[in-house]
Amino acid sequence: MKVQELMSSEVESVTPRASLRHAAHKMRETGFGVLPVLDDGRLLGIITDRDISCNAIAIGRDLNSTDVQTVMTTDVATCFSDQEVDDAARQMSELHIRRLAVVDHDNCVTGILSVDDLARVSGELAGSVLEAATLEH
Amino acid sequence: MKINELMTPGLESISPKTTAKEAARKMHDLHIGSLPVVDDGELVGIITDRDICCRVTGMGRDAVMTSVADVMGKEVVTCFDDQDVTDAVQLMVDHHIRRLAVLRRDNSMAGFLSVDDLARNSHELASNVLQATTQVH
């Protein structure tokens, strides 16, 4: 099975110069905990609800004047939409992570593949990714 | 298998009167994503990094002026540490949640049991919980 058959393609994103308040508001409105940061459609980074809490609020940054690119993670693990799901799952396990940004061959984001998506097709696959992810802590 | 053999023992908690900013700081320092909120020895809620991002910043509040009590989740699903793990899984599936607060029989807080803890014991059980819970990326 290909990644594109399983990934969530409904993805909300933010721009690198959006304020953290804007990003937090978007996360609340959409229910997403992670937003790809896109510049002209290209993937620059990822920002999560935890980044906003722990890397901004916790140290008293001004959320109106601090922009997304200040606290986003730039080292984003990606896979291709035409890659095999087993392959992508192996990648997640090796990196101890629970999701991958899915890109096309121009580095444009087409979706997110998470351990939740894996759980819909294989309990064994999802469970092993989850177990590997917990080893990080 | 009993819940206390698999749970993550929780020694850390936070008071409902603490500010959201201090709660974020504590989660950052401890590398955790949630804290039990304890008032006078009694569990009154749970606060997560997502609550702080979405219910404080995402709603235009100031993290220094907002207390943990204002944004914590008040409906906490609990289980007892001497219950069987399969009982806990059923509770998670029924309530569509990924984490349970674990109490001792004297109602004191013993820790948390999360879907991550389940994954260390059974990939299938962990995956069942993932499938039953609402997807938040």
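Helices H4(B) and H6(B) cross in a left-handed way, where left-handed means that the near helix is turned anticlockwise from the far one by less than a right angle, and right-handed that it is turned clockwise. This is a predicted model, in which local features need pLDDT of at least 70, side-chain atom pairs count only at pLDDT 80 or more, and totals for chains, interfaces and linings use all residues. Residues are numbered from 1 along each chain as its sequence is written, while chains are lettered from A and ligands numbered from 1 in the order in which they are written.

As for confidence, chain B has an average pLDDT of 92, with 97% of the residues at 70 or above; pLDDT is the predictor's confidence in each residue, from 0 to 100. For the complex, the predictor gives an ipTM of 0.83 and a pTM of 0.87.

Back to the helix pair in chain B. H4(B) covers residues 85-95 and H6(B) covers residues 123-132, and the two pack at about 15 degrees with their axes 8 Å apart. Axes here are lines fitted to C-alpha atoms, for helices over the stretch in contact, and angles run from 0 to 180 degrees between N-to-C directions. That angle makes H4(B) roughly parallel to H6(B) (under 35 degrees is roughly parallel, over 145 roughly antiparallel, 65 to 115 roughly perpendicular, the rest oblique). Helices (H or I, at least four residues) and strands (E, at least two) are DSSP runs, numbered from the N terminus. On the H4(B) side, Val89(B), Met92(B) and Val93(B) meet Leu125(B), Asn128(B), Val129(B) and Ala132(B) of H6(B); contact means C-beta atoms, placed from the backbone, within 7 Å. Sorted by class, this contact has six nonpolar residues, one polar and no charged. Ala, Val, Leu, Ile, Met, Phe, Trp, Tyr, Cys and Pro count as nonpolar, Asp, Glu, Lys and Arg as charged, and the others, Gly among them, as polar.

Chain A has a helix pair of its own. The axes of H5(A) (residues 85-95) and H7(A) come within 7 Å and cross at roughly 20 degrees, which makes H5(A) roughly parallel to H7(A). The crossing is left-handed. Ala89(A), Met92(A) and Ser93(A) from H5(A) meet Leu125(A), Ser128(A), Val129(A) and Ala132(A) from H7(A), giving five nonpolar, two polar and no charged residues.

Between the chains, the contact takes 36 residues from chain A and 31 residues from chain B. H7(A) supplies the largest share of the chain A side, eight residues. That side has 15 nonpolar, 12 polar and nine charged residues. H7(A) packs with H6(B) at about 95 degrees, their axes 8 Å apart, and the two helices are therefore roughly perpendicular to each other.

Chain B also has an open sheet of four strands, ordered S1-S6-S5-S4, with mixed pairing. S1 (8-9) and S4 (78-80) of chain B stand at its edges with a single partner strand each, so one side of each has no neighbour in the sheet. S1(B) runs antiparallel to S6(B) (residues 109-114), joined by two bridges; strands pair if DSSP finds at least two bridges between them. Pro9(B) sits opposite Gly111(B) of S6(B).

Elsewhere, S2(B) (residues 34-39) and S3(B) (residues 42-48) run antiparallel, joined by six bridges. They form a hairpin with two residues between them, and Asp40(B) in the turn has a positive phi of about 55 degrees. Asp39(B) has Glu42(B) in S3(B) as its bridge partner.

How values were computed:
Two residues are in contact if their C-beta atoms, placed from the backbone, lie within 7 Å.
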